[in-house]
Amino acid sequence: RKKRSGSKQEAELKSIPEANGRTRGSSSSSPGVRRRLRSSRAYRLLRSSVHSAKAFLRVPSDRARGNPDRVLFQKLDVGASGFLDDVAVNTQIAIDRYFSFLKGLTRVLMLDASLLTDALRSRGWGKPATGSRGSPRDAGKKTQGNIRRSPSLMVLKASMKGETGSGELSVSDAIAEAGYPVQKLEVETEDGYLLDLYRIPRPESKEAVVFQHGMMDSAYGWVLKGDESAIAFAAYDRGFDVFLANFRGTPPRRCTERVKTFWSFTFNELGKYDMRAVMEKIHEVKTTEAAEVVGSEVPADADYKLRAVGHSLGGAGLLIYLFDCILRGRDHHLHRMVLLSPAGRHEYDLPLLAQILCLMDRVVGHFLNRLNFGMTVYGSVLRVGAQKMAVDVSSLPGLKGLFDILCRIFFGGDRSFGDVLAPYWTPYIQSMPGLCWGIVRHGHQIVNARRFLLYDYGTRAKNFEHYGQGSPPDVAFEGLDVPIDFVAGGGDGGGAGEGGR
């Protein structure tokens with residue numbers, strides 16, 4: 001401030017009259033007020049807290065120019081703290097303030113002479129001793145040593161917007177971070193949805209594979225385990241040209257003007273439109289690259305084999321896609337399918353969450369299905385709060401065991417559910433995937449019918465308009481001309497049904 005006292009800006013500030021007729025800076029009390037403010041305990045505590053948060057979030061300029069999202073991901077992934085850590089820190093601060101108040105009160109009651117000396121020093125009369133006990137410098141160091149925590153929810157949200165713009169780690173960033181090549185393609189469905197299709201390219205390979213995620217998941221799920229155990233990277237290392245597909249409802253959720261209600265779809269649309277658009281895009285890419293190899297301007301029929309791997313809802317979408325192609329006499333471009341516990345093929349008692357959703361659909365499902373809303377977790381504040389809870393759960397073995405039991409009760413399966421879902425709670429990747437009530441309603445129809453069928457539109461007239469018959473057809477393995485490998489865990493309760501293996 002002293003260096004800028006003679007600047008033009010300082011002169012302009014001093015020339016502004018105040019309400020009482022005096023000018024800014026004309027009174028000699030202003031420097032004293034500032035010195036008292038800087039020497040106060042509350043100011044030192046606030047300053048040390050801000051410095052700690054800035055040091056935690058500071059990104060080196062040379063690294064931030066390359067990929068700021070990746071740097072922020074690494075920063076937050078290392079220093080995340082839980083709610084219990086925050087409670088411990090705030091408790092320490094509260095205790096420190098309480099005893100500081102008692103100390104000051106005791107000095108007043110005992111007429112401590114040093115209290116007057118400290119008061120004079122706080123007003124700028126006299127120079128504080130550099131090594132004295134209770135000096136501002138020592139107090140600042142002591143307070144700063146106690147602040148060891150990740151930033152609060154609001155500080156984190158504001159810093160992400162200020163430091164990196166979007167603050168989101170995309171699938172492309174995760175693939176590049178693992179050291180693999182990446183290519184992002186855009187796919188437009190027949191009904192107007194825009195989907196992201198990621199590729200770990202190996203153009204020269206005749207073996208291609210497409211991975212389709214499950215419910216409340218995205219293409220990120222195939223690479224989140226890193227370069228050592230992620231299945232997408234393992235397929236690339238074995239020589240496959242790898243494609244990672246997304247359903248509608250996954251970030252960034254884009255569509256054309258033809259779409260009037262975004263959150264209005266069922267299993268049918270995922271298979272008939274999303275999967276078909278993805279398969280056609282892959283076929284277009286492979287045939288174009290084959291034509292470039294032979295030097296032809298016309299896309300040639302590429303001699304490649306495309307395998308499809310689908311998990312849960314992705315497996316159901318692949319089955320509907322294949323069933324629809326055979327029903328309409330279209331080429332599906334598939335050589336083989338691997339279904340990982342596909343939805344619609346389960347033969348066991350529903351987990352508690354599914355039972356609750358079915359009950360809600362029975363009572364208010366017709367009303368909810370008419371609303372255009374997506375079921376997801378909105379905002380980074382809620383997600384970082386959930387992340388802090390995950391830190392608390394992972395740090396306490398007993399609490400983690402209880403969490404695993406609750407996951408099995410609510411979601412079914414095994415204890416790996418929480419480990420798979422956890423990355424989506426973090427605030428530094430693209431927003432969480434979502435689904436609409438049409439998916440829940442279609443699943444409820446499958447549960448009631450006890451067989452995998454297409455969506456029932458409610459009346460024979462509407463069903464006849466879509467299917468050419470009064471009731472929705474069954475999706476069965478019989479009549480499918482592609483080898484299908486059915487994979488399920490012992491706790492999944494899945495069954496391949498007749499004609500499947």
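These legends walk you through several close-up views of the predicted model shown above.

**Before you start.** Residues are numbered from 1 along each chain as its sequence is written, and side-chain values use heavy atoms, with hydrogens and water left out. Because the model is predicted, local features need pLDDT of at least 70 and side-chain atom pairs count only at pLDDT 80 or more, while totals for chains, interfaces and linings use all residues.

**View 1. The whole chain, as a starting point.** The chain holds 19 helices and eight strands. Helices (H or I, at least four residues) and strands (E, at least two) are DSSP runs, numbered from the N terminus. Of the 501 residues, 40% count as buried. Here buried means under 20% relative accessible area, exposed means over 50%, and partly exposed lies in between (1.4 Å probe, protein chains only). A contact means heavy atoms within 4.5 Å. Among contacts with a separation of 6 or more, 74% join residues 24 or more positions apart.

View 2. Look here for R254 and E186, whose closest N and O atoms are 2.9 Å apart. R254 belongs to strand 5 (residues 254-255) and E186 to strand 1 (residues 183-188), so the pair ties together parts that are 68 residues apart in sequence. Both partners are partly exposed: R254 has a relative accessible area of 26%, and E186 has 46% relative accessibility. The pair also belongs to a network of salt bridges that links K184, E186, D196 and R254.

**View 3. A buried salt bridge between a strand and a helix.** The side chains of D241 and K286 meet in a salt bridge, with N to O at 3.0 Å. D241 sits in strand 4 (residues 241-245) and K286 in helix 12 (residues 267-294), so this pair ties together parts that are 45 residues apart in sequence. Are these two residues buried or exposed? D241 is buried, with a relative accessible area of 0%, and K286 is buried as well, at 5%.

**View 4. A salt bridge between two loops.** R451 forms a salt bridge with D474, and their closest N and O atoms are 2.8 Å apart. R451 is in the loop between helix 18 (437-449) and helix 19 (460-467), while D474 is in the loop between helix 19 and strand 8 (484-487), so that distant parts of the chain, 23 residues apart, are linked. R451 is partly exposed, with a relative accessible area of 41%, and D474 is partly exposed at 35%.

**View 5. The nonpolar cores.** In soluble globular proteins, nonpolar side chains tend to be buried together. A nonpolar core is a set of buried Ala, Val, Leu, Ile, Met, Phe, Trp, Tyr and Cys residues joined through side-chain atoms within 4.5 Å. The largest one has 55 residues, and those with the most contacts inside it are V210, F267, M279, L319 and M337. Which helix gives the most to this core? Helix 13 (residues 313-328) does, with nine residues. A second, separate core has 22 residues, including W222, A232, V242 and L244.

**View 6. Helix 14 against helix 18.** Helix 14 (residues 352-370) and helix 18 pack at an angle of about 130°, with their axes 10 Å apart. Axes are lines fitted to C-alpha atoms, for helices over the stretch in contact, and angles run from 0 to 180 degrees between N-to-C directions. Helix 14 is therefore oblique to helix 18; angles under 35 degrees count as roughly parallel, over 145 as roughly antiparallel, 65 to 115 as roughly perpendicular and the rest as oblique. Residues making the contact include L357 and G365 of helix 14 and W437 and V440 of helix 18. H444 of helix 18 is buried, with a relative accessible area of 6%. Not counting residues up to four places away in sequence, H444 touches C358, D361 and R362.

**View 7. Around A174.** A174 is found in helix 10 (residues 171-177) and counts as buried at 14% relative accessibility. Leaving out residues up to four places away in sequence, A174 touches Y220, V223 and F233. The C-alpha atoms of A174 and V223 are separated by 7.1 Å, although these residues are 49 residues apart along the chain.

Note on methods. A salt bridge is a side-chain nitrogen of Lys or Arg within 4 Å of a carboxyl oxygen of Asp or Glu.
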